[in-house]
Structure formats: C-alpha cells, structure tokens
Amino acid sequence: MVVLIAPSILSSDFTNMQREIADIERSGADWLHIDIMDGHFVPNITIGPDIVKQIRPLTGMPLDVHLMISDPDRYLDDFSEAGADIITVHAEATTHLHRSIQKIRSLGKKAGVSLNPATPLSELGYVLQDVDVALIMSVNPGFGGQSFIPQIMEKISTLKKIIRENDLTTAIEVDGGVKLENAKEIADAGADILVMGSGFFSHEDYTETVRRFKETVGS
Ligand code: DX5
Ligand code: ZN
C-alpha cells in the first residue's frame, strides 16, 4: 500500500506562494493540502476560494481542500469552481452531513469528512460508504505546529479495521503533528495519506523530506 504525503501550505511562505508550490511539486509530494479557516469553527482565519482559484493553475497536484468552517454547504460550489479535487467538511460543522457529502460528490469531487480529536468514529457510521477520504484530526484544528495526540493512533487503527471489515475503499488521512519521526507508526496504524505542515516546511530541502518520508513509510 502506497502512503501519500500531503504538505499543508499553512506552514509555507505565503509571500512566495508560487515558488513554494513549484518547490513542493518538484519534491515529489502527492497532494497539496490547503487549510481553510473561518475564525468561527476554529480560532484562526486563513484563505478563501479566490486564493484556491489562483493556486489551481500553478500545479498539477490534487488540491486537498480542508474546510474548517461552519456550515460548509454555503461554500461547496465556490471551492469546487475554484478547482479543489478533494473537499473535506467537518462532521461537527455541518447539520446534515449526508447532504454535504452528496453535494460534494454531485460536483464531481472526492468527498472528505473530518473528525476532531474528541469526536467518536460513530459519527461516520451511516455515511462511511459514501466517504472517499476520512480525515482524522490528530490535533485540535486551527493551528500548525501542535503535537500529535497519542490516543489518535488507536482511532486510526480502529477505523482501518472498520473499513476493511466492511470492504470499503475509504482512504484514511491523518492531519496534525505528523513528522518524519512518527510517520511510520501512523502509517502502520492504517493511514493512507499523511498531512505534514511544520514537519515539512521546517526542512529547507523538500525533495529530501519527501525522499525520507517514502523511505520511512516504505512506499
Ligand atoms: C491544523 C491544520 C493542519 C496543519 C497541520 O488545523 O488542519 O493541516 O497545517 O500542521 P502541523 O503538521 O504543523 O501540525
Ligand atoms: Zn488540515
């Protein structure tokens, strides 16, 4: 099983975004993770669909758009039109999760559902078969540079077991506090995609980071 790396531009140099994205793509990274925060669902504000639209022509990497916003249904059309490939909503942020998932799929995008660290896996119970990507938060969302919450390791392996037992194709993505040092343990627990923010951008040579990542996780 190939484990993918998705650098989160939250920790990149926003004043040199074009250069950053070119360097990330050249490094061999798989997905570009884009964190959207509204200052309401999470205590931080980042960027909106207009910036995603400007990023789109700069890269062929799939744009993995992580919506940390309340009532995300209001913006699904906008992020779809902006060029997102994967659109992830938080289960805690939408009243009608099933509707949000169906809407994303009707736009021809991969549907992701994210769970905060304290949210049980049972939230995914009746929708899992329609979820392309389950984004398991391993920090409380809002900021880069936080530490991986150890209990999440068991959450990942439990979800993997559920996916296998039910013969589903849902991919598990893990976001928050992922470093080269813990990547293997997280991948072994069952993660298919690892988001890396501060752990990626703290090393200048992105190509070397991706090489070490692939070597570490054995993909
Ligand atoms: C956190 C964001 C993450 C963040 C991860 O709310 O969703 O994607 O960029 O950053 P690190 O890897 O530094 O924890
Ligand atoms: Zn994220």
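Trainee: Which polar backbone atom is 2.8 Å from an oxygen atom of ligand 1?
Mentor: One that belongs to G197. Keep in mind that this is a predicted model.
Trainee: How much of ligand 1 does the protein cover?
Mentor: On its own, ligand 1 has 380 Å² of accessible area, and the protein covers 100% of that.
Trainee: Which elements give two or more residues to the shell around ligand 1?
Mentor: Those are β2 (32-37), β3 (63-68) and β8 (193-196). The most comes from β2, with 3 residues.
Trainee: And side chains? Which one has a polar atom 2.7 Å from an oxygen atom of ligand 1?
Mentor: D175 does. There is also S8, where an N or O atom of the side chain is 2.8 Å from a ligand 1 oxygen.
Trainee: How many residues surround ligand 1?
Mentor: There are 20, and D35, G142, G145, D175 and S198 are the closest. By type, that shell has 8 nonpolar, 10 polar and 2 charged residues.
Trainee: Switching to cavities. How many of 30 Å³ or more turn up in the whole structure?
Mentor: The search finds 1. The volume of the largest cavity is about 200 Å³, and 24 residues line it. Closest to its centre are F143, G144, G145, D175 and G176.
Trainee: What takes up that space?
Mentor: Ligand 1.
Trainee: Which elements each supply at least two residues of the lining?
Mentor: For the largest cavity, they are β2, β8 and α7 (198-201). Its lining residues divide into 10 nonpolar, 11 polar and 3 charged.

Definitions and conventions. Residues are numbered from 1 along each chain as its sequence is written. Chains are lettered from A and ligands numbered from 1 in the order in which they are written. This is a predicted model: local features need pLDDT of at least 70, side-chain atom pairs count only at pLDDT 80 or more; totals for chains, interfaces and linings use all residues. Side-chain values use heavy atoms; hydrogens and water are left out. A residue is near a molecule or strand if one of its heavy atoms lies within 4 Å of it. A polar contact is a pair of N or O atoms within 3.5 Å; within protein, one must be able to donate a hydrogen and the other to accept it, and residues adjacent in sequence count only if both atoms are side-chain atoms. Accessible areas come from the Shrake-Rupley method with a 1.4 Å probe; for residues, only the protein chains shown count as cover. On a 1 Å grid over the protein atoms alone, a cavity is a set of points where a 1.4 Å probe fits but cannot get out, and a pocket is an open set with protein on both sides within 12 Å along at least five of seven lines; lining residues have an atom within 4 Å of a point. A molecule sits in a cavity or pocket if more than half of its atoms lie within 2 Å of its grid points. Helices (H or I, at least four residues) and strands (E, at least two) are DSSP runs, numbered from the N terminus. Ala, Val, Leu, Ile, Met, Phe, Trp, Tyr, Cys and Pro count as nonpolar, Asp, Glu, Lys and Arg as charged, and the others, Gly among them, as polar. Grid points are joined across faces, edges and corners, and a volume is the space filled by probe spheres set on the points.
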